[in-house]
Amino acid sequence: MKRIVTATVHNRSGVLNRVTGLLSKRQFNIESISVGRTEVEGVSKMTFVVEVEDNRKLEQLTKQLNKQIDVLKVSDITDKAIVARELAMVKVISNPQIRSEIQSIIEPFRASIIDVSKESVTVQVTGKSDKVDALIDLLRPYGIKELARTGVTAFTRGHQPQVAEFKPYSLLK
Amino acid sequence: MKVKDLFTPLFPCTNLRAYKEVEGEEGLFIFSRNKQEGLKMKAQASVKEQTATRTGADLLVEALIEQGVDTLFGYPGGAVLPIYDAIYRAEGSFDHILPRHEQGAIHAAEGYARVANRAGVVIGTSGPGATNLVTGIADAMMDSIPLVIFTGQVAKGVIGTDAFQESDIMGITTPITKHNYQVQEIEELPRIVKEAFHIATTGRPGPVVVDIPKDISSMVHNKEIDSDFHLPGYQPTVKPNPLQINKLHEALVEAKKPVVLAGSGVIHAEASEHLKEFVRNYQLPVTTTLLGLGSYPGNDDLSLGMAGMHGTYSANMALYECDLLINIGSRFDDRLTGNLQHFAPHATVAHIDIDPAEIGKNIPTDIPIVSDAKAALESLNEKTVKALDHNEWMKQIDQNEAEYPLWHNQPEEAIVPQWLMQKVYEYTKGEAIVTTDVGQHQMWAAQYYHFDRPNRWVTSGGLGTMGYGFPAAIGAQIADPDSTCVAVVGDGGFQMTLQELSVLQERGLPVKVLIVNNQALGMVRQWQEKFYSERYSESIIDTQPDFVKLAESYNIPGYFIDSQEALEAELPKILADDKPAVIDCRVLQKENVYPMIAPGKGLHEMIGVKP
Ligand SMILES: Cc1ncc(C[n+]2csc(CCOP(=O)(O)OP(=O)(O)O)c2C)c(N)n1
């Protein structure tokens with residue numbers, strides 16, 4: 001099952017190495033990791049998308065992460081109400097004739113063209129991973145020259161539904 | 001509290017007074033360099049006014065003294081020259097043990113830590129010095145041994161340029177340390193040292209590496225530095241959740257077939273007395289892990305001995321058949337559990353561990369208790385004791401013990417290792433510190449030497465490090481100079497670190513090195529015999545040094561013993577002697593360690609339970 005796990009960490013040297021090393025040492029499959037600073041000085045947030053077999057393995061993941069001295073907090077937010085976003089840039093082969101065709105494809109995705117050259121356009125798209133996937137699939141027939149994705153970053157919504165009204169909902173299934 | 005030892009101030013700084021106090025006989029040092037406090041003490045030393053220069057290395061020395069460190073295991077080299085200079089100038093502050101290989105230093109520090117139950121401190125230089133420490137760091141990580149390891153590093157300016165003797169020791173040791181640091185600024189050094197000791201010795205103990213670039217250790221720094229630390233990400237849960245304790249208590253009074261499994265967590269938490277009280281209150285059968293030996297008296301009626309691959313039949317069957325398993329401070333290692341499918345299949349499993357990640361890692365747990373073993377046992381012991389209805393169970397266990405005790409061959413003349421271990425036990429009255437290497441002799445020592453108290457048994461469990469036993473004995477003997485210390489080693493493993501005989505020679509340390517000499521890599525040979533149709537690939541070693549001459553070349557008495565008669569005549573004298581000794585004891589090569597759970601088999605499928 002796919003899970004989104006976030007960790008706030010002390011931004012000390014070696015912390016990224018320690019965390020990623022731990023994940024590979026314990027054989028966790030990481031789909032993506034994104035890291036960035038937070039509103040607190042010296043504290044960063046990591047967002048992992050992981051593929052784990054079962055709850056036991058998931059529990060191990062969060063416990064092992066928590067055990068690291070510089071890890072302040074670990075949360076599995078998959079089943080919470082969350083906002084999760086990813087950014088992708090896609091360089092698509094295109095000549096002036098099909099540029100407008102591409103424009104019309106990306107419009108419903110609220111993506112934008114951020115660079116144009118003679119043989120290519122670069123599309124930027126932000127959103128949930130499945131939306132990004134869908135757009136990439138649509139662009140693929142034109143020929144993708146280059147693709148870069150940031151990986152998911154996520155946190156919980158300001159308002160969490162009460163348990164009674166809570167419907168387990170996973171962005172990533 | 002009496003002031004026994006007063007030493008001259010270490011740092012040529014103005015207005016700094018240094019005191020060392022020794023409390024009782026236990027070697028607990030309290031150090032204060034606080035002027036106010038110092039004045040309250042009876043003795044003081046005054047320092048001559050000097051123009052002060054204090055380097056990063058002096059800060060390190062100062063911080064070590066503040067931590068109560070009095071023993072260092074280390075080996076000098078280019079990147080730690082400033083540190084060794086500071087140690088030199090701090091004359092008399094430390095007993096520095098110089099092994100002949102860094103691996104010897106770190107295993108000695110492990111032995112020291114295990115017996116003294118405090119952090120062992122290691123120093124190594126950059127590059128090869130640091131990489132030579134790696135095996136010991138991994139070993140300490142696996143067995144939760146508190147160590148603080150200082151490695152030199154090339155100067156900050158050249159880190160990352162493949163400078164002479166540079167190695168990425170942070171990268172190398174990240175997966176095998178509880179935590180590691182590279183000091184980036186001199187101002188951080190005192191804080192990092194403090195944190196390192198705190199992390200190494202609290203919660204689940206483990207090794208912490210502090211990598212110090214040479215420019216930092218040689219940099220002059222005279223200002224006072226604040227060393228306070230705050231580790232919001234490291235707050236071990238020490239006290240148990242009372243609701244979970246209630247749950248365990250309820251399960252206990254209901255249990256018909258309870259058993260306690262004690263691991264080294266009990267020893268680290270100094271909870272043996274609490275365990276005794278708990279076990280005796282309810283008359284519970286107790287088995288221990290390899291590393292848990294000594295956590296509960298091995299000779300006690302309620303003790304089943306060790307469990308696991310070479311554990312006793314009664315211990316393993318108790319784990320197999322129990323309806324309540326109370327694991328205190330063991331991590332359910334695979335050498336203990338055997339095939340997980342057959343591990344305690346009918347039991348409610350309660351697991352007390354200070355490391356939450358161990359709970360549920362290998363065995364699904366019904367009653368998880370995250371806590372220090374002592375605190376959990378204290379809470380349990382506060383509950384009303386109720387006599388259990390478990391007579392049938394105890395009878396069954398007694399029957400197993402009577403029917404399937406440990407057994408071995410007993411030839412007329414020749415020595416078998418099992419008999420040898422019994423003799424060592426007898427001659428030392430069970431009171432020696434026993435360290436072992438890894439292999440058959442280790443299992444026999446575990447089976448036949450019964451420990452009645454903790455901190456007497458020093459062995460490499462998790463990593464199974466050959467070459468561990470002898471240097472560990474050096475550290476153990478230094479931690480407890482008055483006890484008899486026997487290093488039980490194989491002829492194979494001893495040859496991995498025997499260069500440390502120099503340390504015995506140098507210090508006259510009375511360690512008794514008992515080579516259980518089967519002229520083979522016995523454990524490998526046994527597996528080849530049983531599981532590879534006797535194809536003894538590279539496991540029979542006929543060529544050996546003359547161990548007696550070897551010992552003599554270090555000015556250490558060497559003995560050759562190859563019969564029961566000779567052993568009975570000589571060993572008691574050797575063990576009672578206050579000199580070091582190397583004993584080449586020839587044993588039958590083809591003895592196997594039994595009983596055994598073959599790889600992949602369950603607890604109830606032991607082989608070799610009867611002759
Ligand atoms: C450093 C290291 N290398 C290899 C092994 C694998 N190994 C485990 S036991 C053993 C044989 C040990 O032989 P010896 O020291 O003579 O002891 P014995 O088993 O004969 O008592 C070996 C090679 C190990 N545990 N550690």
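A cavity here is a set of grid points where a 1.4 Å probe fits but cannot get out. The model is predicted, and it holds four such cavities of 30 Å³ or more. The largest cavity contains about 100 Å³ of space.

Start with that cavity, which lies in chain B. Its lining includes B:Glu110, B:Arg114, B:Asp139 and B:Asp143. B:Ser264, B:His268, B:Trp457 and B:Tyr468 are also among the lining residues. By class, the lining divides into five nonpolar, three polar and four charged residues. Three elements of chain B each supply at least two lining residues: helix 4 (102-116), helix 11 (264-268) and strand 16 (457-458).

Helix 11 leads on to helix 12. In the loop between helix 11 and helix 12 of chain B sits B:Glu270. Its phi is near 55°, a positive value in a residue other than glycine. Helix 12 of chain B spans residues 272-282, and its buried residues include B:Leu275, B:Phe278, B:Val279 and B:Tyr282. B:Ser272, B:His274 and B:Lys276 are buried too. The cover over these buried residues includes helix 10 (242-254), helix 11 and helix 15 (373-382) of chain B. It also includes strand 9 (258-262), strand 10 (286-288) and strand 12 (324-328) of chain B. Just after helix 12, B:Gln283 takes a positive phi of about 55°.

One residue of helix 10 of chain B deserves a look: B:His249. Is B:His249 buried or exposed? Its relative accessible area is 13%, so B:His249 is buried, since the cut-off for buried is under 20%. Beyond residues up to four places away in sequence, B:His249 touches B:Tyr282, B:Lys383 and B:Thr384. B:Tyr282 is itself one of the buried residues of helix 12.

Now the nonpolar packing. In soluble globular proteins, nonpolar side chains tend to be buried together. The largest nonpolar core has 55 residues. The residues with the most contacts inside this core are B:Val260, B:Leu275, B:Phe278, B:Val279, B:Leu325, B:Ile328 and B:Phe343. Helix 13 (residues 313-321) of chain B gives the most to this core, with six residues.

Back in the 55-residue core, take B:Val260. Leaving aside neighbours within four places in sequence, B:Val260 is in contact with B:Leu275, B:Phe278 and B:Val279, among others. Its other contacts include B:Leu284, B:Val286, B:Ile326 and B:Ile328.

B:Thr337 lies in helix 14 (residues 334-337) of chain B. At 1% relative accessibility, B:Thr337 counts as buried, because the cut-off is under 20%. With neighbours within four places in sequence set aside, B:Thr337 is in contact with B:Phe332, B:Phe343, B:Ile363 and B:Leu603.

B:Ile367 and B:Ile369 point to one face and are buried. Strand 14 runs parallel to strand 13 (residues 348-353) of chain B, and four bridges join them. B:His351 has B:Pro368 as its bridge partner in strand 14.

Further along chain B comes helix 17 (residues 417-427). Eight of its eleven residues are buried, so helix 17 is largely enclosed by the rest of the structure. B:Trp419, B:Leu420, B:Met421 and B:Tyr425 are among those buried. What covers them includes helix 18 (440-448), helix 24 (564-576) and strand 20 (581-586) of chain B. Just after helix 17, B:Lys429 takes a positive phi of about 55°. In the segment after strand 20 of chain B stands B:Pro595. The peptide bond from B:Tyr594 to B:Pro595 is cis, with omega near -5°.

Seven of the nine residues of strand 3 (residues 43-51) of chain A are buried. Strand 1 (residues 2-10) of chain A pairs with strand 3 in the antiparallel sense over nine bridges. There, A:His10 stands opposite A:Val43. Strand 2 (residues 29-37) of chain A also runs antiparallel to strand 3, joined by eight bridges. A:Gly36 stands opposite A:Lys45 in strand 3. Strands 2 and 3 of chain A form a hairpin with five residues between them. In its turn, A:Gly42 has a positive phi of about 85°.

Last, A:Gln27 lies in the loop between helix 1 (15-25) and strand 2 of chain A. A:Gln27 has a positive phi of about 60° although it is not a glycine. At 62% relative accessibility, A:Gln27 counts as exposed.

How values were computed
Residues are numbered from 1 along each chain as its sequence is written. Chains are lettered from A and ligands numbered from 1 in the order in which they are written. This is a predicted model: local features need pLDDT of at least 70, side-chain atom pairs count only at pLDDT 80 or more; totals for chains, interfaces and linings use all residues. Side-chain values use heavy atoms; hydrogens and water are left out. On a 1 Å grid over the protein atoms alone, a cavity is a set of points where a 1.4 Å probe fits but cannot get out, and a pocket is an open set with protein on both sides within 12 Å along at least five of seven lines; lining residues have an atom within 4 Å of a point. Grid points are joined across faces, edges and corners, and a volume is the space filled by probe spheres set on the points. Ala, Val, Leu, Ile, Met, Phe, Trp, Tyr, Cys and Pro count as nonpolar, Asp, Glu, Lys and Arg as charged, and the others, Gly among them, as polar. Buried means under 20% relative accessible area, exposed over 50%, partly exposed in between (1.4 Å probe, protein chains only). Contact means heavy atoms within 4.5 Å. Two strands pair if DSSP finds at least two bridges between them. A nonpolar core is a set of buried Ala, Val, Leu, Ile, Met, Phe, Trp, Tyr and Cys residues joined through side-chain atoms within 4.5 Å.
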